[in-house]
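Welcome! Please take a look at the structure below, and then let us walk through it together.

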Amino acid sequence: MLFALVGGAFILAAAVAVLVPALSSIAPNEVLGLVLLLVGLAQIVQSGKMQQTALFAWCLAIGGIAAVGGVLVYIEPFPGIVIKTLVMALVFVLHGLTQVGFAMKVRRLQGWLWFVLAGVVAVLAGGLMVMKLPYSHSFTPATVGGVSLGVTGWAYLAIALAARRS
């Protein structure tokens, strides 16, 4: 059940990351930073429910990377748009690699390939963030990040549904 809630949170966060900057004057970087922080905290809470399992460290790492990355993106401690974008890209690449590692750990579960896909999409999102400098209004780091977060949400839902069926 908790995996389904985290998956829903990711999907909602993805919608916010993509739609809020497009429909308002709120900066995409601020939205993406807050979204990453919130989903990271959700993953950390979820990892707390898994303390007695071998997956605890993986879930905590995935959540920690997203939360710390969200704070760094939101507060923008680095000068210049290029450095900020590189930090965002690094967060997504690390998040993606951690997701692939998590997938390898749970590969005995049905639906584990969704986490591989989510990890690959996150790494690609990081690469796209770097390649698309500078951004236009229609293509922002929040858009790319939102798509990655949406795939992660579906991965959590796939694992939850597979666990429910078995």
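Predicted model: local features only at pLDDT ≥ 70, side-chain atom pairs only at ≥ 80, totals over all residues.

Let us start with empty space. Rolling a probe the size of a water molecule over the atoms shows where empty space is left. Searching the whole structure this way turns up 1 cavity of 30 Å³ or more, and the largest cavity holds about 30 Å³ of space. Around the largest cavity you will find Leu-72, Val-73, Glu-76, Phe-78, Lys-84, Val-87 and Met-88. Helix H3 (56–75) and helix H4 (81–105) are the elements that each give two or more residues to this lining, and H4 gives the most, with 3 residues. Sorted by class, the lining has 5 nonpolar and 2 charged residues, but no polar ones.

Next, turn to helix H5, which runs over residues 113–131. With 19 residues at 1.5 Å a residue, H5 should span 27 Å, and its end C-alpha atoms are 27 Å apart, so the two values agree. Which residues of H5 are buried? They are Phe-115, Val-116, Ala-118, Gly-119, Val-121, Ala-122, Ala-125, Gly-126 and Met-129. The cover over these buried residues of H5 includes helix H2 (28–48), H4 and helix H6 (141–165).

Finally, go back to helix H3 and find Leu-60 there. Is Leu-60 buried, exposed or partly exposed? Its relative accessible area is 35%, so Leu-60 counts as partly exposed, since that class lies between the 20% and 50% cut-offs. Leaving aside residues up to four places away in sequence, Leu-60 touches Ile-44 and Ser-47. Leu-60 and Ile-44 are 16 residues apart along the chain, with 5.3 Å separating their C-alpha atoms.

Methods: Residues numbered from 1 in each chain as written. Heavy atoms only, no water. 1 Å grid on protein atoms, 1.4 Å probe; cavity = no way out; pocket = protein on both sides within 12 Å on 5 of 7 lines; lining within 4 Å. Points joined across faces, edges and corners; volume = space filled by probe spheres on them. Helix = DSSP H or I, 4+ residues; strand = E, 2+ residues; numbered from the N terminus. Nonpolar A, V, L, I, M, F, W, Y, C, P; charged D, E, K, R; others polar. Expected span 1.5 Å × (residues − 1). Buried < 20%, exposed > 50% of the residue type's maximum accessible area, 1.4 Å probe, protein only. Contact = heavy atoms within 4.5 Å.
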